[in-house]
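Good morning, and thank you for coming. Please look at the sequence and the structure on the screen while I take you through a few of their features.

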Amino acid sequence: SLVLPSLMSDPRVVIVAENIANIAAPGIITSSNLILSNARSNNPPYPDLVIHSGGHVVSKALTGYLRRAAHLKLWRVGTDHTLTDTFKHAVRYINCPPHTFYRALTGFLQKGKQTAWLNQWQQLTETTRLKLDEPLSQLPFSDSTVFRYICNAITENTLIALGNSSVIRYSQLFAANNQAHYFANRGVSGIDGSLSTASGIARASGKLTLTLLGDLSFLYDSNALWNRELPPNLRIVVINNHGGGIFHIIKGPSEKPGFKKLVEAYHSVNIHKLAEAYGLQYHFAGDLDSLAAVWPGFMNKNQTASVLEIETDPAVSATVFRKLMNMWG
């Protein structure tokens, strides 16, 4: 993570990394999904070479952008047992730890004027950031406005355990916080064990650990709270839209018969009573004002393990998300 920022002194280099890569630094692009979704008609020209390392890629826009390239060379760097060709253009597999490769690469840096290609990436990044801030301050309370508040409120040295499905996608809307460290079960495929993982991280680290979960992820793994050693430094945010909000975002499922019962999996579980059953502190927010009011107490380091339920409307959240992903349209 210390080597990669030095590569950006070369005007030929653009570094794209999602928040779960934990390499946030000034100049590293961490919101590629939003940028490329809003630049479909004005995508940056393709690079001559892509160097790819790390795990699962969340951004479908980034994956699609690179896969659509007619002629692209890609080097996969890592110690995978088999070649991971995420973008379908791999021509070389370099079997070594990524940090070793990137450190060696610093010996080949070139200085010079900023290239038009780099400038276009930087302009798209800044334009997207400005266009994101304006509508979010005016749009109704939703999953997106909740994540904006939380991402801005995260303090130094907080560990963040992201739930799968819609939660990890919402978190990618905003620039990664370089004072925090992100974890996720991404690549495991599904909502299994997200709360158990977060509990383990809190227990092992001793640091304030904030896990962000959808209501189905929380309920699916609520037995993780049935634990006499539940760490007091665990903070659980449950975005409760009473079902699988991701299926309101994905085109198609919400238009099918039996959607609420069979796909969204609508429920009426009382999260307050469930938190009480396990002896957890409980907080609730139903709008931004109440969220701002309860947040300091919820995150207080002297408090025991706590749940913050934030209730949102799934239809409103889906509408807001689509608007943000199509700000140019």
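I begin with Gly64, which lies in helix α3, residues 60-67. Helices (H or I, at least four residues) and strands (E, at least two) are DSSP runs, numbered from the N terminus. Is Gly64 buried or exposed? Gly64 is buried, with a relative accessible area of 17%; buried means under 20% relative accessible area, exposed over 50%, and partly exposed in between, with a 1.4 Å probe and protein chains only. Leu36 is 28 residues away from Gly64 along the chain, and their C-alpha atoms are separated by 9.4 Å.

A word on the model. It is predicted, so local features need pLDDT of at least 70 and side-chain atom pairs count only at pLDDT 80 or more, while totals for chains, interfaces and linings use all residues. Residues are numbered from 1 along each chain as its sequence is written, and side-chain values use heavy atoms, with hydrogens and water left out.

Next, the sheet. Six strands form an open sheet with parallel pairing, in the order β5-β4-β6-β7-β9-β8; two strands pair if DSSP finds at least two bridges between them. The edges are held by β5 (181-184) and β8 (281-285), and each has a single partner strand, so one side of each is left without a neighbour in the sheet. Within the sheet, six bridges join β6, residues 209-214, to the parallel strand β7, residues 234-240. Gly214, for example, stands opposite Ile239 in β7.

Helix α8, residues 194-205, packs on this sheet and touches β4 (159-162), β5, β6 and β7; contact means heavy atoms within 4.5 Å. The direction of α8 makes about 175 degrees with that of β6. Axes are lines fitted to C-alpha atoms, for helices over the stretch in contact, and angles run from 0 to 180 degrees between N-to-C directions.

Which residues of α8 are buried? They are Ser194, Leu195, Ala198, Ser199, Ile201 and Ala202. Seen down the axis of α8, these buried residues fall within an arc of 160 degrees, so they line one face of the helix; the arc is that of the directions from the helix axis to the C-beta atoms. The buried residues of α8 pack against β4, β5, β6, α9 (215-220) and β7. On the other side of α8, Arg203 and Ala204 are exposed. After α8 comes Gly206, with a positive phi near 75 degrees.
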